[in-house]
Amino acid sequence: VQFMKTAQYKAIKEDFLYIAETDHIMMHPLPNKAELGSPMAYVFGYMGPNPNHAKVIETVWPEGGPSGYRGVQPIGPSPVVIHKSDLERIAHPWHDIAVSLKTNREADSMLGWVIEMWGYSVAAAKIGLRHQEFPDFQVEPGGLSTASQLRNFETRYWLFHYTYQFEYMLDGTACR
């Protein structure tokens, strides 16, 4: 939200923005499959909204009602390719919802370290911004990787996400 008020943001001429984390490595040129009103996003397996999330989601999105959680996609704000206008539309609701979730003890306990991701995905549902979901947008390989995850590794994914799975115990076993 603050960055969008700066001269640097206003100087961006491109219509589409790629939002990444510092530990994302591009493995291939990233095709822009996003459109205005239809950003690209990675599908996070641990972000699947379910009935247990209904009450918490309804506190920040009452218009969604008790079944609003069903409209929340299993995505986060990174990696994303998004039209500048869509980013400007989602930024304030994302911020407000993430802060509201973080300051709600029940939500904070339930959603934990991915609470800001939930803020983004609930904000997207709230404003009707449906993302194209790409399960192979990125790979998060490591000591716990499965053979199927690593199949066609070099050509299958656009991004390599160096993340928590690169932690090992002193005896060489992967941390769980």
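**View 1. Strand β3 and its parallel partner β5.** In this predicted model, strand β3 (residues 40–42) and strand β5 run parallel and are joined by three bridges. Strands pair if DSSP finds at least two bridges between them. Met40 has Gln132 in β5 as its bridge partner. Strands are DSSP runs of E with at least two residues, helices are runs of H or I with at least four residues, and both are numbered from the N terminus. Residues are numbered from 1 along each chain as its sequence is written. Local features need pLDDT of at least 70, side-chain atom pairs count only at pLDDT 80 or more, and totals for chains, interfaces and linings use all residues.

View 2. Four strands form an open sheet in the order β1-β4-β3-β5, with mixed pairing. β1 (16–19) and β5 (132–134) are the edge strands, each with a single partner strand, so one side of each has no neighbour in the sheet. From one strand to the next, the twist averages 30 degrees. Helix α3 (residues 84–102) packs on the sheet and touches β1 and β4; its direction makes about 95 degrees with that of β4. Axes are lines fitted to C-alpha atoms, for helices over the stretch in contact (heavy atoms within 4.5 Å). Angles run from 0 to 180 degrees between N-to-C directions.

View 3. Ile75 lies in the loop between α2 (54–60) and β4 (80–83). Ile75 counts as buried because its relative accessibility is 0%; buried means under 20% relative accessible area (1.4 Å probe, protein chains only). Not counting residues up to four places away in sequence, Ile75 touches residues including Tyr42, Phe44, Met117 and Glu133.

Terms used: Side-chain values use heavy atoms; hydrogens and water are left out. Buried means under 20% relative accessible area, exposed over 50%, partly exposed in between (1.4 Å probe, protein chains only).
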